[in-house]
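Grab a pencil and work through these exercises with the model open beside you. Each task comes with a solution you can follow step by step.

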Amino acid sequence: MSGQNNDKVVIARGLVKRFGDFEAVKGVDFTVSRGECFGLLGPNGAGKTSIAKMIYGFSPVTAGKLEVFGEDIMTRARSIKSRIGVVPQEDNLDPELSVRENLIIYAGYFQMKRDLAGGRADEILAFMDLSDKSGAVVEHLSGGLKRRLTIGRALINQPELLILDEPTTGLDPYARHLVWQRLRKLKEMGTTMLLTTHYLEEASQLCDRLIILHLGKILEQGKPEELVVRHVGQEALELGVNTSQRDLLIKGSEDLIRAWQTLGDDMVIYTDHGRQIAVFVAERAAGLGITISYQRLRPTNLEDVFLKLTGETLN
Ligand SMILES: Nc1ncnc2c1ncn2[C@@H]1O[C@H](COP(=O)(O)OP(=O)(O)O)[C@@H](O)[C@H]1O
Ligand SMILES: [Mg+2]
């Protein structure tokens, strides 16, 4: 392993994934450092799973460089895989086995001795809050419990890098919250994580840094809060105003506006001076006889960054 990049767990340079003629990942560059939670945020089809699968050695790299733990994934996949934990997007637990048996069987893939595997399985069940489900058959578990088991299973080999592909997609808010709690705990313990998601809330809660992906390309990267400040400022003012009257309504307040976008039937104004703009447009609307049918001032978030960069929403 090259010493100077010891703290770089993943290095991707000009990474490409093609399926036949279709380029799903169009030359992306990013690095994941030891101890951080790194996010791939983007809507369905952005290329998140394609990237994740290349990193965990499940899908060959078409072009570019991809190093994990300082080694080339294409030539050193076997040794790299033994140091990674994977939570795939699609559940692939053995439905006919019990919760604990799923862990034990999986430990076998890492040549773990049976008594060691048993102890490790019990530790993981306790950590994932699954001890009382130890003997339950997997096909009878709820989606949230299955997901927690899949995360636990990924921890069996004490991985140096945990890859989570959409860890909470399809879960209800409560189950999602329980998963977030466990992932936060893993973060506190210093686990390096690469997480894909199309939930901005998940990305902002968990990720130290992230890339925003769209159609196989990186639109932006950085810390969630920095991206918000850089692109959209602190506040979003949503206004229900007829399309043809929007320019007229904000005329004269442009200096206070970072950007504005159409969001469904509304317009959304990005600004660091929300109250001032709200007063300004209210007076202007009254003066010009423009109807504002709806108004809401709220803090900005990553969804706004995505909307501003693409003109589309994440979901
Ligand atoms: N095995 C495949 N064959 C052909 N196209 C694929 C395959 N897997 C993914 N794709 C396409 O690649 C693009 C990116 O997919 P994916 O990486 O799954 O995105 P995401 O995980 O962000 O939803 C999509 O347009 C998808 O249809
Ligand atoms: Mg995916």
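**Exercise 1.** Is the crossing of helix 5 and helix 6 left-handed or right-handed?

*Before you start.* This is a predicted model, where local features need pLDDT of at least 70, side-chain atom pairs count only at pLDDT 80 or more, and totals for chains, interfaces and linings use all residues. Residues are numbered from 1 along each chain as its sequence is written, while chains are lettered from A and ligands numbered from 1 in the order in which they are written.

*Solution.*
- Step 1: Find the helices, which are DSSP runs of H or I with at least four residues, just as strands are runs of E with at least two, numbered from the N terminus. Helix 6 covers residues 173–188, and helix 5 covers residues 143–154.
- Step 2: Look at how the near helix is turned from the far one: anticlockwise by less than a right angle is left-handed, clockwise is right-handed. Here, the crossing of helix 5 and helix 6 is right-handed.
- Step 3: Now list who touches whom, counting a contact when C-beta atoms, placed from the backbone, lie within 7 Å. Helix 5 brings Gly143, Gly144, Arg147, Arg148 and Ile151, and helix 6 brings Ala175, Leu178, Val179 and Arg182.
- Step 4: Sort them by class: Ala, Val, Leu, Ile, Met, Phe, Trp, Tyr, Cys and Pro are nonpolar, Asp, Glu, Lys and Arg are charged, and the others, Gly among them, are polar. The contact of helix 5 with helix 6 has four nonpolar, two polar and three charged residues.

**Exercise 2.** At what angle do helix 3 and helix 4 pack, and how far apart are their axes?

*Solution.*
- Step 1: Axes are lines fitted to C-alpha atoms, for helices over the stretch in contact, and angles run from 0 to 180 degrees between N-to-C directions.
- Step 2: Helix 3 and helix 4 (residues 114–127) pack at about 130 degrees, with axes 9 Å apart. That makes helix 3 oblique to helix 4; the cut-offs are under 35 degrees for roughly parallel, over 145 for roughly antiparallel, 65 to 115 for roughly perpendicular, and oblique for the rest.
- Step 3: Arg100, Leu103, Ile104 and Ala107 in helix 3 meet residues of helix 4, including Ala117 and Leu125.
- Step 4: By class, this contact of helix 3 with helix 4 has seven nonpolar, one polar and two charged residues.

**Exercise 3.** Which helix supplies the largest share of the shell around ligand 1?

*Solution.*
- Step 1: Collect residues whose C-beta atom, placed from the backbone, lies within 6 Å of the ligand. Among them are Phe19, Phe22, Lys48, Thr49 and Ser50.
- Step 2: Strand 2 (22–33) and helix 1 (48–55) each supply at least two residues of that shell.
- Step 3: Helix 1 gives the largest share, three residues.
- Step 4: By class, the shell around ligand 1 has four nonpolar, six polar and one charged residue.

Methods: Contact = placed C-beta atoms within 7 Å.
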